[in-house]
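Thanks, everyone, for making the time.

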Amino acid sequence: MRKSILGTLIAVAVMSISVATAQSDGTTTGNVVEIDVPAPALDGNLLDSSVVQEAAVYLPPGYDEDRDRRFPTIYLLHGIFDDHGVWVENFNVPEILDRLIADGKIPELIVVMPNGGNKYGGGFYRNSPVSGNWADYIADDLVSFIDENYRTLSDQESRTVVGHSMGGYGALNLAMNRPGIFSVVWALSPCCLAAVDDLSFGNDAWQRAAKIKGPEDLQQLIDSRDFYPIAALGLLAAFSPDVDAAPIYGKFPFDVVRGEIVIDDVQFDKYLDALPVRQVRHARKNLRSLHGLALDVGLGDQFLHIPTGTLEFSQRLGDERIPHLLDIYAGDHRQFIGERLEAIVIPWVADRMRFETDD
């Protein structure tokens, strides 16, 4: 979409998908609205992602009762091949928030659930000339839009980001590379922290992805819904982009010679430099400035690189003396996410946010 068209996107479309109702115990529920958010940071991306993105916003029960009251905000970033609806439909976040607020375990707050998907499954909430500037979309476009259209406490101390899988990576990427936006970060089962196990080039999905030669091959792969090679293309577009390498628009850090992968040492090193385990020292100041940093992982995660990468990332944080919480539990990639949000994650991050104005 051209900038001239983008400039006309000045209205917000809001549709209520859940109205405040009285529960059987007499408590009042929050309200969830779906919105369209202008996303100029995505303008010019090569994967046809829209410059208007959907999001869902949870407004607490007291939002309409006191028109002068302002609320802190939690941003929830979903995983690859999900969309913002996963928080409502699968992880039951609105009901969790209603219970936590009704039980007095957290004060009332706003929760924003943006979309971060594209035709490769997701933009990884990082900036890329191919997939678009997704980090800027979250940190600039979305945060500004929410602060302008809802009664938020619009400062870093009252703003948290929590993400799952790709969103867990995204939360850490924003903390490391977009300081001053969020003060508390929790990464649930974060993907893509290190190129190990199933994320390494020993996974034959990389060879399958490298076989794509034209638009027809690419579309056939996308239509097949073959997870790993499509995700590999998403990783390349986000972490190793090449605007001249149509139709994939990514630079493979290897060649395939007689059916075997031969690493390009220079390009492979550039690829590794884009992953978080190599960015901790550079981002040390930003990470130390947070009011809270936590990451967790289930030891039974089906994506084998996630436990390994999470432990390595935690070790790097420790090496740089960056305070953080590492929570390891018995579970897989999606198991217990809703329960953990309710029992641990949301109360932990809320306890570290500012809920009152300075005046």
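Let me begin with a charged pair, Arg 340 and Asp 296, whose side chains meet in a salt bridge with 3.1 Å from N to O. Arg 340 sits in helix H12 and Asp 296 in strand E12, 44 residues apart, so to speak of this pair is to speak of a link between distant parts of the chain. Both partners, Arg 340 and Asp 296, are buried. Please keep in mind throughout that this is a predicted model.

How many salt bridges does a search of the whole structure find? The search gives 18, and I will pick out a few of them.

Arg 334 forms a salt bridge with Asp 82, and here the closest N and O atoms are 3.0 Å apart. Arg 334 belongs to the loop between strand E13, residues 325-329, and helix H12, residues 337-350, while Asp 82 belongs to the loop between strand E4, residues 73-77, and helix H2, residues 85-89, so the pair ties together parts that are 252 residues apart in sequence.

Another pair is Asp 273 with Arg 278, where the closest N and O atoms are 2.9 Å apart. Asp 273 is partly exposed, with a relative accessible area of 39%, and Arg 278 is partly exposed as well, at 37%. There is also a network of salt bridges, in which Asp 136, Asp 140 and Arg 178 are linked.

Let me turn to helix H11, residues 305-319. Its 15 residues, at 1.5 Å a residue, should span 21 Å, and this agrees with the end C-alpha atoms, which are 21 Å apart. Which residues of H11 are buried? They are His 305, Ile 306, Pro 307, Gly 309, Thr 310, Phe 313, Ser 314 and Leu 317. The buried residues of this helix pack against helix H5, residues 166-177, and helix H10, residues 284-288, as well as against E12 and E13. Just after H11, Arg 321 takes a positive phi of about 55°.

Within H11, I would like to look at Thr 310, which is buried, with a relative accessible area of 0%. Not counting residues up to four places away in sequence, Thr 310 touches Pro 190, Leu 193, Leu 295, Asp 296, Val 297, His 305 and Leu 326.

Pro 276, in the loop between helix H9, residues 265-273, and H10, counts as buried because its relative accessibility is 0%. Leaving aside neighbours within four places in sequence, Pro 276 is in contact with Tyr 169, Met 176, Cys 192, Leu 193 and Phe 313. Leu 193 was also among the residues touched by Thr 310, and Phe 313 was one of the buried residues of H11.

In strand E4 we find Thr 73, and at 1% relative accessibility this residue counts as buried. Beyond its neighbours within four places in sequence, its contacts include Ile 110, Val 112, Thr 152, Arg 159 and Met 353. Thr 73 and Ser 154 are 81 residues apart in sequence, yet their C-alpha atoms are 8.5 Å apart in space.

Now a hairpin. Strand E10, residues 254-257, and strand E11, residues 260-263, run antiparallel and are joined by four bridges, with Asp 255 having Val 262 as its bridge partner in E11. Two residues lie between the strands, and Arg 258 in this hairpin takes a positive phi near 50°.

Finally, the surface. Leu 299, Leu 311 and Ile 328 make a nonpolar surface patch of about 270 Å². Leu 299 lies in the loop between strand E12, residues 292-298, and helix H11. Is Leu 299 buried or exposed? Leu 299 counts as exposed because its relative accessibility is 59%, and the limit for exposed is over 50%.

Terms used: Residues are numbered from 1 along each chain as its sequence is written. This is a predicted model: local features need pLDDT of at least 70, side-chain atom pairs count only at pLDDT 80 or more; totals for chains, interfaces and linings use all residues. Side-chain values use heavy atoms; hydrogens and water are left out. Patches are made of residues with over 30% relative accessible area and no salt bridge: like charges are joined within 9 Å, nonpolar side chains (Val, Leu, Ile, Met, Phe, Trp, Tyr) within 5 Å. Accessible areas come from the Shrake-Rupley method with a 1.4 Å probe; for residues, only the protein chains shown count as cover. A salt bridge is a side-chain nitrogen of Lys or Arg within 4 Å of a carboxyl oxygen of Asp or Glu. Buried means under 20% relative accessible area, exposed over 50%, partly exposed in between (1.4 Å probe, protein chains only). Two strands pair if DSSP finds at least two bridges between them. The expected span of a helix is 1.5 Å times one less than its number of residues. Contact means heavy atoms within 4.5 Å.
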